[in-house]
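Here is a walk through one structure, from its core to its ligand. Keep the coordinates open as you read.

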Amino acid sequence: MPMSEPQTLIDKLWSAHEITRREDGAALLWVDRHYVHEGSFHGFSQMQARGRTVAEPSLTFGVADHYVPTRGRDRKIPNPEIAAMVCNLEKNAADNHISLFGLHDPRQGIVHVVGPEQGLTLPGLLIVCGDSHTSTHGAFGAYAFGIGASEVAHVLMTQTIWQKKPKTMRVTVDGVAAPGIAAKDIALAIIARVHADGAQGHAIEFAGSAIRALSMEGRLTLCNLSIEAGARCGMVAPDATTFAYLKGRPYAPKGAAFEQAVEAWTKLTSDPRAAFDRDVTLDAGGIAPIVTWGTTPDDALPIDATVPDPARESDPVRAQYLRDALDYMGIAPGKKLTEIAVDRVFIGSCTNSRIEDLRAAAAVLAGRVSKVPGLVSPGSTLVKRQAEEEGLDKVFRDAGLEWAESGCSMCVGINGDLVPSGERCASTTNRNFRGRQGPGARTHLMSPAMVAAAAVAGHLADVRPLLAGRKA
Amino acid sequence: MEKFVRLTAKACPLLLPSLNTDQILPARYLKWPRSKGLGTVLFQDLRFDADGKERADFSFNQPICRGAKILLVGRNFGGGSSREAAVYAIYDHGIRCVIAPSFGDIFAQNAVKNGLLTAIMPEEEIAKIAAVLAGDPEQTVTVDLEQQTISCRDLCCAFAIDPVSRDQLLNGWDDVDLTESYRAHIAAFKARDQQSRPWAAPTTTAA
Ligand code: SF4
């Protein structure tokens with residue numbers, strides 16, 4: 001018998017779920033959790049068109065997030081099309097006996113916040129959802145990736161999915177991040193390095209002392225953004241931080257079962273000599289607060305930099321891209337980032353709306369006033385409650401920002417929370433694509449603390465001086 | 001699903017990099033049912049200005065692209081959101097093949113499930129075909145999935161595609177039917193798995 005090859009975490013998760021493999025390399029994988037939301041309606045329709053039902057309702061969970069209103073929840077949803085989206089999810093969940101965290105459920109929130117918060121997301125699971133940021137759940141050492149509507153239908157009907165094994169990439173971040181540097185800054189630094197399509201076809205494992213030092217909230221932000229480097233999924237091996245977070249969560253194993261689970265989860269690490277198809281390393285100590293200036297997430301620069309000048313770019317294709325991006329963003333070539341004035345701010349989305357994110361923004365805003373209007377939408381109704389208990393809502397309100405209910409909100413704008421055309425928004429979200437926050441909207445991505453700094457300054461600004469003498 | 005074997009048609013050069021799914025189909029159309037015909041709003045915000053007038057500087061609006069069934073695009077096409085409706089919009093517009101140096105992973109998966117071919121070809125080769133088309137807008141392009149080649153006048157270039165996707169497109173296979181044939185495997189896996197990973201089930205004692 002040959003010695004068994006050292007395995008990566010990705011290999012271990014893959015083999016634990018493989019039901020069968022075809023000659024062409026496609027494998028049929030078992031799905032442990034399937035999250036659905038209002039946007040999953042195409043998947044349900046495809047299933048219904050075949051006269052089929054949900055194979056494993058107890059492994060399927062519905063969350064109302066994409067279309068839910070963030071204000072006036074006691075009233076009827078005024079837009080009938082949006083109301084129909086929320087109602088359709090409720091009907092599909094009821095018809096198929098699926099647990100639903102619906103609009104009025106006290107546990108409602110963004111699917112990628114609710115799954116971890118409820119202890120539904122666990123290490124070692126294979127998790128899918130018809131949403132690209134499903135990569136978020138990899139923070140627990142789960143194999144979690146976004147799928148399209150046809151795959152949603154397939155998972156509903158069979159609780160399995162056909163996949164080809166991705167290539168593996170390890171991103172190692174060692175060193176100690178400076179005060180004021182958040183997981184978002186680390187993630188944007190990685191995306192700037194790897195590029196928005198650099199990890200296509202890969203599963204990323206994040207490793208290194210700076211990753212170990214991150215809280216679960218930070219790891220969720222990091223894995224959330226792995227899709228913005230083009231990766232299929234991102235993951236962090238589970239450790240004591242992971243187990244401490246999960247203990248006592250409603251759907252997580254309890255008592256002796258929890259201890260047994262921890263024993264199994266502890267084995268979910270890459271073996272010491274396991275080989276990855278690609279290795280990328282970064283020094284956390286060299287990372288400054290980062291903002292994006294353009295229309296893809298890898299258009300990211302440290303806050304003390306200037307935006308690129310197309311005239312100084314030798315590659316004509318790149319020069320044209322720079323011109324188009326700057327033109328859309330309404331920024332003069334070579335302008336200092338800190339001279340770019342913002343019209344509004346948004347704190348929310350599955351990237352940065354957890355309690356730690358709200359605390360970081362509030363630490364900057366406390367006793368200060370925002371120069372521009374802004375919206376704060378917590379990641380879940382439970383996060384909202386907790387923030388209110390801590391008095392964070394008062395900090396945001398006193399600063400002049402609006403404190404709203406939980407949902408996807410201004411991340412994608414389909415519930416009606418839009419950035420008006422031509423306006424510039426400092427945002428904790430994940431995509432600065434043209435029109436992402438509304439037609440003609442201009443988005444700058446950054447950490448919650450940096451959004452707070454932009455609010456106080458009225459322009460993109462370095463948060464670090466604002467933190468002097470404060471607890472970040 | 002319709003099979004894809006060979007196609008000869010007009011091709012539209014739209015050589016912009018990173019056309020993501022928010023650009024292909026803006027989010028406000030995601031609540032439309034497919035029956036509404038998503039092809040009409042393909043590239044909506046790139047094709048039209050705020051007053052609903054066609055933007056002359058967007059290549060897709062030029063005569064060469066009318067009636068095209070093949071799209072030539074820049075790298076990282078279809079990155080971003082997992083919205084399969086982006087594929088519906090392209091397909092419903094009449095396009096059957098997109099040629100790019102690289103694609104977003106989820107987009108490529110969604111495409112094959114709907115009979116849309118995503119052909120991967122080097123940027124230089126795509127530029128050569130685009131140059132031929134620029135000189136003769138009526139020139140057609142032939143995509144042969146069996147041979148994995150794309151030809152245009154005297155140019156002929158191989159393209160790459162994941163072999164699993166290629167088989168599925170050539171045969172018009174339906175995933176769900178295929179999975180059904182593994183029903184016994186799935187049941188056996190489930191029984192084994194419940195023994196080996198008891199912790200994987202959600203506890204039912206939640207409030
Ligand atoms: S918050 Fe934004 S990125 Fe996250 S699931 Fe909602 S729409 Fe998608």
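**From the core to the ligand**

Start inside this predicted model. Its largest nonpolar core has 215 residues. Those with the most contacts inside it are A:Trp265, A:Phe396, B:Phe43, B:Leu71 and B:Phe77. A second, separate core has 11 residues, including A:Trp30, B:Val164, B:Leu178 and B:Phe189. In soluble globular proteins, nonpolar side chains tend to be buried together.

Now pick out B:Phe77. Leaving aside residues up to four places away in sequence, B:Phe77 touches B:Phe43 and B:Leu71, among others. Its partners also include B:Leu19, B:Ile24, B:Ile90, B:Val98, B:Phe103 and B:Phe107. B:Ser102 and B:Gly104 are on the list too.

Turn to chain A. It is divided into domain 1 (9-165 + 239-263), domain 2 (167-237 + 270-286) and domain 3 (290-467). The C-alpha centres of domains 1 and 3 of chain A lie 28 Å apart. Across that pair, 23 residues of domain 1 are in contact with 23 residues of domain 3.

Among the shell residues are A:His66, A:His112, A:Asp131, A:His133, A:Cys350, A:Cys408, A:Cys411 and A:Arg436. By class, the shell has 4 nonpolar, 5 polar and 2 charged residues.

Note on methods: Residues are numbered from 1 along each chain as its sequence is written. Chains are lettered from A and ligands numbered from 1 in the order in which they are written. This is a predicted model: local features need pLDDT of at least 70, side-chain atom pairs count only at pLDDT 80 or more; totals for chains, interfaces and linings use all residues. Side-chain values use heavy atoms; hydrogens and water are left out. A residue is near a molecule or strand if one of its heavy atoms lies within 4 Å of it. Ala, Val, Leu, Ile, Met, Phe, Trp, Tyr, Cys and Pro count as nonpolar, Asp, Glu, Lys and Arg as charged, and the others, Gly among them, as polar. A nonpolar core is a set of buried Ala, Val, Leu, Ile, Met, Phe, Trp, Tyr and Cys residues joined through side-chain atoms within 4.5 Å. Buried means under 20% relative accessible area, exposed over 50%, partly exposed in between (1.4 Å probe, protein chains only). Contact means heavy atoms within 4.5 Å. Domain bounds come from an automatic or database domain assignment.
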